[in-house]
Amino acid sequence: MLSPSELTILKQTLSAEKKTLIHQSQEGVLFSQNKDRSRQGRDSIDESTTETFYATALRFHDRNKDRMKLIEQALDRLEQGIIHLCVECEESIETKRLLLLPITSLCIECQQDKEEHQETENTDDTISAFGVV
Ligand SMILES: [Zn+2]
């Protein structure tokens, strides 16, 4: 069980990261708006450089979206007072682990199980993504 001060630390860590992500995604939106504007001009802009920047920003945005989802789930779990419980086996997650990685929802054992499992899943995903299946 987490102490009130540990809970406060978790909440602060998660809120701070959420704020950073919101800030970054706003910059991403600004970036795509600028891109639209420069497209209309189309004179002095190096299109390929812009495309590269845009693709990077988009990838970044997708990653942020996934991370944001995890942060929101963790904050929900914090509100419900279950952030320290593993979603798989309902055992307590080690406090040290939670403080290092507040978005985790699995204990170490389940995390390791999941990672082993994911390696096989990822292989399947790659195959279907290339249309082999
Ligand atoms: Zn577990």
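Start at the N terminus and follow the chain, and the elements you pass run α-α-α-α, that is, four helices and zero strands, where helices (H or I, at least four residues) and strands (E, at least two) are DSSP runs numbered from the N terminus. What you see is a predicted model, in which local features need pLDDT of at least 70, side-chain atom pairs count only at pLDDT 80 or more, and totals for chains, interfaces and linings use all residues. Residues are numbered from 1 along each chain as its sequence is written.

Next, select α2 (47-79), which has 33 residues and reaches 47 Å from its first C-alpha to its last, close to the 48 Å expected at 1.5 Å a residue; the expected span is 1.5 Å times one less than the number of residues. Gly-81, with a positive phi near 75°, follows α2.

Now select Leu-10, Leu-14, Ile-71, Ala-74, Ile-83, Ile-93, Leu-98 and Cys-107, the eight residues of the largest nonpolar core, meaning a set of buried Ala, Val, Leu, Ile, Met, Phe, Trp, Tyr and Cys residues joined through C-beta atoms within 7 Å. To this core α1 (4-41) and α2 each supply at least two residues. A residue is buried if 20 or more other C-beta atoms lie within 10 Å of its own, exposed if 12 or fewer, and partly exposed in between, with C-beta atoms placed from the backbone.

Finally, move to the loop between α2 and α3 (95-100) and select Glu-90, which has a positive phi of about 60° although it is not a glycine. Glu-90 counts as exposed because it has 10 C-beta neighbours inside 10 Å.
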